[in-house]
Amino acid sequence: MEPINQDEISHVFGVSQVYLPDLVGVDWDNLDFLGWVHPSGSQAYFVLVSPETGRLTGAILSRKPRISYRPRFEMCSLCHHVHRHNGTAMFTLPKKGTSGRHLIGKILCKDLDCSLRIRNLIEPSSYMVETLYAQARVWRMQKSIHQWLKKAKRL
Ligand SMILES: [Zn+2]
């Protein structure tokens with residue numbers, strides 16, 4: 001994605017209490033969306049360019065880490081990375097206009113670093129190696145994000 005600054009991010013959310021990410025060293029060339037987690041761990045944010053309007057759009061998500069004391073494989077539903085242990089969290093997005101009554105949840109990489117994972121830029125690599133080429137993985141991920149946001153009326 002094209003680099004964006006903190007002012008643009010604040011503008012997307014239009015609220016003052018949004019926790020802004022540190023943008024130093026962000027690898028924009030390898031991102032399809034910018035995702036970050038509040039230090040409390042219970043909230044996360046993401047920003048991307050809407051394919052419908054061409055403008056930046058974003059969402060505030062509730063985040064619940066999934067801690068398991070037994071080894072367990074978990075797959076991110078956006079990037080399909082398979083984590084060996086405690087690598088995912090449950091993210092829920094309230095559907096616009098329902099005052100939080102209608103939530104749409106997804107199990108995702110706990111740090112929302114999916115864009116880097118599909119490009120194999122993060123170690124350890126997925127437990128399940130995919131033969132799908134990188135561009136197809138990017139396309140699949142973008143499609144899932146767009147579907148998710150559209151369902152929540154936030155695209
Ligand atoms: Zn992921």
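Begin by selecting Val-49, whose bridge partner in β3 is Leu-56. The model is predicted: local features need pLDDT of at least 70, side-chain atom pairs count only at pLDDT 80 or more, and totals for chains, interfaces and linings use all residues. Residue numbers start from 1 along each chain as its sequence is written. Helices (H or I, at least four residues) and strands (E, at least two) are DSSP runs, numbered from the N terminus.

**The hairpin and the sheet**

Next, select the hairpin of β2 and β3, which has six residues between the strands. Within this hairpin, Gly-54 takes a positive phi near 75 degrees. β2 and β3 pair in the antiparallel sense over seven bridges; two strands count as paired if DSSP finds at least two bridges between them.

Now show the five strands of the open sheet, in the order β1-β2-β3-β6-β7, with antiparallel pairing. β1 and β7 stand at the edges with a single partner strand each, so one side of each is left without a neighbour in the sheet. From one strand to the next, the twist averages 30 degrees; axes are lines fitted to C-alpha atoms, for helices over the stretch in contact, and angles run from 0 to 180 degrees between N-to-C directions.

Move to β3 and β6, which run antiparallel and are joined by four bridges. Select Ser-62 there; its bridge partner in β6 is Thr-92.

**Phe-91**

Stay in strand β6 and select Phe-91. Is Phe-91 buried or exposed? Phe-91 is buried, with 26 other C-beta atoms within 10 Å. A residue is buried if 20 or more other C-beta atoms lie within 10 Å of its own, exposed if 12 or fewer, and partly exposed in between, with C-beta atoms placed from the backbone.

Leaving out residues up to four places away in sequence, Phe-91 touches Ala-44, Leu-61, Arg-63, Gly-105, Lys-106 and Leu-108. Contact requires C-beta atoms, placed from the backbone, to lie within 7 Å.

**The core around Phe-46**

Select Phe-46, which stands opposite Ala-59 in β3. Phe-46, Leu-108 and Cys-114 have the most contacts inside the largest nonpolar core, a group of 27 residues. Such a core is a set of buried Ala, Val, Leu, Ile, Met, Phe, Trp, Tyr and Cys residues joined through C-beta atoms within 7 Å. Elements giving two or more residues to this core include β1 (34-37), β6 (88-94) and α2 (114-118). β2 gives the most, with five residues.

Not counting residues up to four places away in sequence, the contacts of Phe-46 are Phe-33, Leu-34, Gly-35, Gly-58, Ala-59 and Leu-112.

**The helices**

Helix α1 (residues 6-13) lies across β2 and β3, at about 80 degrees to β3. Select α3 next; this helix lies across β2, β3, β6 and β7, and runs at about 155 degrees to β7.

Which residues of α3 are buried? They are Met-141, Ile-145, Trp-148 and Leu-149. These cover an arc of only 95 degrees around the axis, which puts them on the same side of α3; the arc is that of the directions from the helix axis to the C-beta atoms. The buried residues of α3 pack against β2, β3, β6, β7 and α2. Turn to the face away from the buried side to find the exposed residues Gln-135, Ala-136, Lys-143 and Gln-147.

Notes
Contact = placed C-beta atoms within 7 Å.
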